[in-house]
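User: I would like to learn how to read the features of a structure that is new to me. Please take them one at a time.

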Amino acid sequence: MGRIRAAVVGAGYFGKYHAEKYSRLDDAELVAVADNEIARAVKLARAYKAEAVADYRELLGKVDAVSVVVPTPAHYEVAKAFLDCGTDVLLEKPMVEDLAQADELIALAESRGGILQVGHLQRFSSAILQLNGIISRPVFIECYRIAPFKPRGSEVNVILDLMIHDIDLIQAIARSPVVQVDAVGTPVLTGGADIANVRLHFASGCSANVTASRVSLKNERKMRIFQPDAYFSIDFVQRKLAILRKGEGEMFPGVPRISREERSFDAGDDLEREIKAFLQSVNTRKPPPVSGVDGRRALETAFLITESLRSHAARVASASGGDQIA
């Protein structure tokens, strides 16, 4: 296959970054940008000498691959239209609004022989890529992601807005079905939970503790992974990775010596790596690194967490005799 004719649907905050990546990658040609606010589409398309359209349907059958970077409620409709006409799709997270929609998109991509990749960007972090093949038997995982409030993404709760990144990553590491979910959270500035803490239990015996907040005063993103012979600590903001392992000899009688390795990792360009992986799948027809099935799995767990939040809020309201919003 020659250069892949690519388009971006959605010229907002993330859409402009997708367009920029396609415009400068050798194996792709950005041919169009679509946005129902045509002025936004024109501004972005003009920067990369691409066509601008207000209706994405004008592009059906005219491009090989598309990034769908519209608000979540429109994901299903747009992705379905492109998959149905044989265009490969990179669909931003969260994948869709419900599991039935996810199942339909997965089935449609399979029936058309199409590529459906979901935009869980964390998979392409430099730190995570360094740990591929090193993490083998996780028994406990801890994630901490807090950030100041931004209106973008606030149409969904903090689980679907922020925590879903870590949910996908944890499930990729644990490689085991979720068997139990315990969650607490509360709204602060929106009608849904803006801060939450979640405990996930997996069939393998692994557990994960996950905290997400979009109403904090600073940005902080950390992850710790424990397995019987090693401990991994990642600070995504400071870009530091620590690997501790059982070493040779003993530091106390019966207690093995611990070896410590510290690495720094550059910020890299996670989005460029993600889009390169997508284009490689488009070219080779091999499954993408984050498939529709992966996106559905993260979505299902996010819904289980949201239901657990509602149950907890109902119990608190019942105990206090008042009303609370889940």
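User: How many aromatic pairs does a search of the whole structure find?

Analyst: A pair of aromatic rings is described by the distance of the centres and the angle of the planes. Rings of Phe, Tyr and Trp (its six-membered ring) pair if their centres lie within 6.5 Å; planes under 30 degrees apart are stacked, over 60 edge-to-face, and the rest tilted. The search finds 5 aromatic pairs here. One of them joins Tyr13 and Tyr17, edge-to-face, at 5.5 Å centre to centre and 75° between the planes. Before going on, note that this is a predicted model: local features need pLDDT of at least 70, side-chain atom pairs count only at pLDDT 80 or more, and totals for chains, interfaces and linings use all residues. Residues are numbered from 1 along each chain as its sequence is written, and side-chain values use heavy atoms, with hydrogens and water left out.

User: Where do Tyr13 and Tyr17 lie, and how many residues apart are they?

Analyst: Helices (H or I, at least four residues) and strands (E, at least two) are DSSP runs, numbered from the N terminus. Tyr13 and Tyr17 are in helix α1 (residues 13–24), 4 residues apart, so about one helical turn separates them. Together with Phe14 they form one aromatic cluster. For accessibility, buried means under 20% relative accessible area, exposed over 50%, and partly exposed in between (1.4 Å probe, protein chains only). Tyr13 is partly exposed at 38%, and Tyr17 is partly exposed at 34%.

User: What is the angle between the planes of Phe140 and Phe226?

Analyst: Their planes stand at 40° with the ring centres 6.0 Å apart, so this pair is tilted. It links distant parts of the chain, as Phe140 is in strand β7 (residues 140–146) and Phe226 in strand β11 (residues 220–227), 86 residues apart. Phe140 is partly exposed at 22% relative accessibility, and Phe226 is partly exposed at 29%.

User: In what order do the 6 strands of the open sheet come?

Analyst: Strands of a sheet pair through backbone hydrogen bonds, either parallel or antiparallel. Two strands count as paired if DSSP finds at least two bridges between them. Here the order is β3-β2-β1-β4-β5-β6, with parallel pairing. β3 (51–53) and β6 (116–119) are at the edges with a single partner strand each, so one side of each has no neighbour in the sheet. Between β1 (residues 4–9) and β2 (residues 28–34) there are 6 bridges; Val8 has Val33 in β2 as its bridge partner.

User: Which strands does helix α2 lie across?

Analyst: Angles run from 0 to 180 degrees between N-to-C directions, and axes are lines fitted to C-alpha atoms, for helices over the stretch in contact (heavy atoms within 4.5 Å). Helix α2 (residues 38–47) lies across β2 and β3, at about 170° to β3. Helix α3 (residues 75–84) also packs on the sheet, where it touches β1, β4 (65–68), β5 (88–92) and β6.

User: How many disulfides does the count come to?

Analyst: A disulfide is a covalent bond between the sulfur atoms of two cysteines. The rule asks for a pair of cysteine sulfur atoms within 2.5 Å, and the count comes to 0. For Cys143, the nearest cysteine sulfur is that of Cys206, 10 Å away. Cys143 is buried, with a relative accessible area of 2%, and Cys206 is buried at 1%.

User: Is Ile135 buried or exposed?

Analyst: Ile135 counts as buried, at 15% relative accessibility. Ile135 lies in the loop between α5 (126–131) and β7. Leaving aside neighbours within four places in sequence, its contacts are Ile173, Arg175, Ile225, Gln227 and Phe232.
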